Amino acid sequence: MSKVLVSDPIDQAGIDILTQVATVDVKTGLKPAELTAIIGEYDALMIRSGTQVTEEIIQAGTQLKIIGRAGVGVDNVDIPAATRRGIVVVNSPEGNTIAAAEHALAMMLSLSRHIPDANASVKSGEWDRKSFVGVEVYKKTLGVVGLGKIGSHVATVAKAMGMKLLAYDPFISTERAEQLGCQLVEIDLLMQQADYITLHIPKTPQTTHLINATTLAKMKPTARIINCARGGIIDEAALAAAIKSGQIKGAALDVFESEPLGESDLRSLGKEMILTPHLGASTTEAQVNVAIDVAEQIRDVLLGLPARSAVNIPGFGPDVLEELKPYMQLAETLGNLVGQLAGGRVESLTVRLQGELATNKSQPLVVASLKGLLYQALRERVNYVNASIEAKERGIRVIETRDASVRDYAGSLHLEATGTLGTHSVTGALLGDKEIHLTDVDGFPINVPPSKYMLFTLHRDMPGIIGKLGSLLGSFNVNIASMQVGRKIVRGDAVMALSIDDPLPDGILSEIVKVAGIRDAYTVNL
Ligand SMILES: NC(=O)c1ccc[n+]([C@@H]2O[C@H](COP(=O)([O-])OP(=O)(O)OC[C@H]3O[C@@H](n4cnc5c(N)ncnc54)[C@H](O)[C@@H]3O)[C@@H](O)[C@H]2O)c1
Ligand SMILES: O=C(O)CC[C@@H](O)C(=O)O
């Protein structure tokens, strides 16, 4: 049975799903060295934001197949290191969207009405109404930095509260911003005009310290900034200085450059600074959502199925995967088959996406073809995560082409592999939407389902050849399950595809090519 380590607090709903397929150990609060020492026993690791999954931990996780982040941000996982090792990294892109958006809105209202400090004051026995006079958000301008899932929900609610909305997000269209009632502007204008600024962007090299002494200096002295996205997007020292000097009015932070927050000037600021300990996703609903979402993906991957929200397999979004699912196996089978026909070292693989597959959305089929191609060399070590990297490292040139005009089947795939021993091609399609059929081998039309053990011959189409081959196989005790010949012209060249019950015994191929009329023979194990 597989073993899963859960190293951060995860809702029981997720654990219940994992226990359907694995032994689950919940060990939270492990030090990096403790995690490194035990990770080698586990097939999967499930985390929240507390565990830092470094390259060292990934290297020690020799059995790891999947790292599941119960949340959105995966900046606590060394994704390049996981990708190199073929470990799929999944997250829950939407499970805590509402929770994080509502936390940012709560921060904005708390800053406006000094709720945390007023509450502390009353609880300490005071009745001070003068110190906590607030401001309204109605008719004020909110600047949303990052108009993705969380930013969009914040914008929608803020609009309903009567706020004017500016947004900065270089990756979304003006139309999308307008749909949300936002005016898309450059960051400088947003910093200058907004009364409240809320950050909803990932932490990347481009966004680290996006808010710094220079950008803070552009804000109005009455403006407040909220960060419920990621620590480090705001330069904390510059922020503390800007509030102390009165350059800006206030800030509310849920996330910090280093977590847990240690010694910091931020703690010494008064009611204009609100701090929460990374609570954006901490609602009952969000924790159930993300735990189920990620646990289901871990379960699926441990069962050999694809994950719907893998962050290190480009293009493998849930909707795309659902649509392509039946074709993924076809692509892998064809890749494996053409790799074996080509033999030797493959130098290039051309993948032609045909018919309804001739769209950008079918790109995962190229990755699946590569996975199949590399299977003979790498076996279980190759997967959707590392297939492209492994191909690149082996110098395999991958050419992707599309031809929507091929209409023999709704969608079909044509793979051509060129290697040190020559060029071979295979085409395949699905019958009845799920049954894989080979429809062409090396340019010869056939129609056979692939089987575990196969033999292909290139021969002259002439009387007696099938009988001779049958007798030869019989003399080696090889049982033929099915056989089909593909030819373009009568008595010209032809291809024979045989399904056999057992692997072809050693030494028989050299006997087969001695049969008069047979030019080449290839054995394939799928
Ligand atoms: N505090 C919490 O507990 C908590 C909870 C959930 C998510 N988050 C964080 O919130 C952030 C947003 O999450 P989301 O689900 O909305 O992500 P998302 O991917 O849906 O949206 C992010 C948006 O940022 C934009 N963006 C990327 N780089 C940018 C840049 N340089 N400048 C401006 N915009 C840029 C993208 O175009 C996208 O629209 C992430 O950092 C995530 O980790 C925090
Ligand atoms: O695990 C958490 O509580 C925080 C999650 C949040 O930061 C996220 O990116 O999803």
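This is a predicted model: local features need pLDDT of at least 70, side-chain atom pairs count only at pLDDT 80 or more; totals for chains, interfaces and linings use all residues.
Q: Where does Pro260 lie, and how do you know what counts as a strand there?
A: Pro260 sits in the loop between β11 (250-253) and β12 (273-275). Strands are DSSP runs of E with at least two residues, helices are runs of H or I with at least four, and both are numbered from the N terminus.

Q: What kind of peptide bond joins Glu259 and Pro260?
A: A cis peptide bond links Glu259 to Pro260, with omega at about -5°.

Q: Why is the chain called more spread out than a compact globule?
A: The chain has 17 helices and 22 strands. Its radius of gyration is 30 Å, well over the 24 Å that the globule rule gives for 526 residues, so the chain is more spread out than a compact globule. The radius is taken over C-alpha atoms, and the rule is 2.2 Å times the number of residues to the power 0.38. Along the principal axes, the C-alpha trace spans about 105 × 50 × 35 Å.

Q: Why does Asp442 count as partly exposed?
A: Buried means under 20% relative accessible area, exposed means over 50%, and partly exposed is in between (1.4 Å probe, protein chains only). Asp442 has 25% relative accessibility, so it falls in the partly exposed class. Asp442 also has a positive phi of about 50° although it is not a glycine, and it belongs to the loop between β17 (435-441) and β18 (444-448). Of the 526 residues of the chain, 51% count as buried.

Q: How do you know that Gly73 makes a polar contact with ligand 2?
A: A polar contact is a pair of N or O atoms within 3.5 Å. A polar backbone atom of Gly73 is 2.7 Å from an oxygen atom of ligand 2, so the pair qualifies. Arg69 reaches an oxygen atom of ligand 2 with a polar side-chain atom at 3.2 Å. Taken alone, ligand 2 exposes 300 Å², and the protein buries 93% of that.

Q: What makes a residue part of the surroundings of ligand 1?
A: One of its heavy atoms must lie within 4 Å of the ligand. For ligand 1, 26 residues surround it, and the closest are Lys149, Ile150, Asp169, Ile201 and Asp254. An N or O atom in the side chain of Asp169 is 2.6 Å from an oxygen atom of ligand 1, while a polar backbone atom of Ile201 is 2.8 Å from an oxygen atom of that ligand.

Q: Where does UniProt place the ACT domain?
A: The unreviewed UniProt entry puts "domain: ACT" at residues 454-526; such annotations may be inferred rather than shown by experiment. The span is 22% helix and 42% strand, and its end C-alpha atoms lie 8 Å apart.

Terms used. Residues are numbered from 1 along each chain as its sequence is written. Chains are lettered from A and ligands numbered from 1 in the order in which they are written. Side-chain values use heavy atoms; hydrogens and water are left out. A polar contact is a pair of N or O atoms within 3.5 Å; within protein, one must be able to donate a hydrogen and the other to accept it, and residues adjacent in sequence count only if both atoms are side-chain atoms. Accessible areas come from the Shrake-Rupley method with a 1.4 Å probe; for residues, only the protein chains shown count as cover.
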